[in-house]
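This report walks through one protein chain. Look at the sequence and the structure first, then read on.

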Amino acid sequence: MSIMSDRRTTFQRGEDELREIEVLIISAQDLKNVKHLTKMRAYAVVYVEKDFHMAKTQVDEHGGTNPTWNQVVKVKFHAKLAEKDVLAAVNVDIYAHGHVREKPVGSARVLLCDVLKGGDASDPADNPIQCLTVQVWRSSGRPQGLLNLWVPPTGRFLMRRESLSFSVKEVADEEMVEREVATSLGGGGAVVERRGD
């Protein structure tokens, strides 16, 4: 490969840098029943650029017109899209699963500029989760139903590790403090017993 083609490849990679965000698709309510003979089994397709990358939830077998998914999906898109297109959005298309064909139920969207504002990806405390309820629109343009979803402003669901477990160092520090307290209170005779949770 020549130096010129190497440079061209590097430039294209810079232009095509991707970003991935996470969206928790919670549920929908009061959707249009597009299945009249059988119970509607709904699922959601999530994307920013439809012709580029799409993610899909599982099919809700029991909710009918009020499906619940509670599923985090990851969607990729070109990183510069939010700067280039002010109307770029996270789109959620809801379908009724069928044996012959999938029937569209409705669509909802949240602008990327509203999703990706604020927050520091490296600091979970600065990463509040935004719970959103947005209107679902039928293909005819008529509103019917609501979609509930959560999106963190930086595009990532983050949680402090300490909230899930504790490190060996944290345990050792805690035991040392307990020994010092016991020594100062009882002159070294008392021992504070640590009990596991």
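Leaving aside its neighbours within four places in sequence, which residues is arginine 138 in contact with?

## Arginine 138

The model is predicted. In it, arginine 138 contacts Lys32, Val34, Pro104, Val105, Gly106 and Gln144, with neighbours within four places in sequence set aside. The residue sits in the loop that joins strand S7 (130-137) to strand S8 (143-151).

Arginine 138 is buried, yet no salt bridge is found for it. The nearest side chain of opposite charge belongs to aspartate 93, and that is 11 Å away. A salt bridge would need a separation within 4 Å. A backbone atom does come up to the arginine 138 side chain: the oxygen of valine 105 lies 2.6 Å from one of its polar atoms. Valine 105 is also one of the listed contacts of arginine 138.

## Overall layout

The chain has 4 helices and 8 strands. Read from the N terminus, the order of elements is α-β-β-β-β-α-β-β-α-β-β-α.

Of the 197 residues, 31% count as buried. Among contacts with a separation of 6 or more, 64% are between residues 24 or more positions apart.

## Confidence

How high is the average pLDDT of the chain? The average is 76, and 63% of the residues score at least 70. Strand S2 (residues 42-47) has the highest confidence, at 96. Helix H1 (residues 3-15) has the lowest, at a mean of 44.

Two stretches call for caution. Over residues 1-14 the pLDDT stays under 50, and the model has 1 contact beyond four places in sequence for them. Residues 160-168 also have a pLDDT below 50; this stretch has 10 contacts in the model beyond near neighbours in sequence. Where pLDDT is low, predicted coordinates should not be read in detail.

## The aromatic pair

The count of aromatic pairs comes to 1. Tyrosine 43 and tyrosine 95 form it, and the pair is stacked. The ring centres are 5.7 Å apart, with 20° between the planes.

What does this pair tie together? Tyrosine 43 lies in strand S2 and tyrosine 95 in strand S5 (residues 89-96), so the pair links parts that are 52 residues apart in sequence. Tyrosine 43 counts as buried because its relative accessibility is 6%, and the cut-off is under 20%.

## Valine 59

Tyrosine 43 has a further partner in valine 59. Their C-alpha atoms are separated by 4.6 Å, although the two residues are 16 residues apart along the chain. Valine 59 belongs to the loop between strand S3 (54-56) and strand S4 (68-78).

Is valine 59 buried, partly exposed or exposed? Its relative accessible area is 25%, so valine 59 is partly exposed. Not counting residues up to four places away in sequence, valine 59 touches Arg41, Ala42, Tyr43 and His97.

## Positive phi angles

Most residues other than glycine have a negative phi. Aspartate 30 has a positive one, near 55°. This aspartate is in the loop between strand S1 (18-29) and S2.

Asparagine 70 also has a positive phi, of about 45°, although it is not a glycine. Where is asparagine 70 found? Asparagine 70 lies in strand S4.

Definitions and conventions
Residues are numbered from 1 along each chain as its sequence is written. This is a predicted model: local features need pLDDT of at least 70, side-chain atom pairs count only at pLDDT 80 or more; totals for chains, interfaces and linings use all residues. Side-chain values use heavy atoms; hydrogens and water are left out. Helices (H or I, at least four residues) and strands (E, at least two) are DSSP runs, numbered from the N terminus. Buried means under 20% relative accessible area, exposed over 50%, partly exposed in between (1.4 Å probe, protein chains only). Lys and Arg count as positive and Asp and Glu as negative; His and the chain ends are not counted. A polar contact is a pair of N or O atoms within 3.5 Å; within protein, one must be able to donate a hydrogen and the other to accept it, and residues adjacent in sequence count only if both atoms are side-chain atoms. Contact means heavy atoms within 4.5 Å. pLDDT is the predictor's confidence in each residue, from 0 to 100. Rings of Phe, Tyr and Trp (its six-membered ring) pair if their centres lie within 6.5 Å; planes under 30 degrees apart count as stacked, over 60 as edge-to-face and the rest as tilted.
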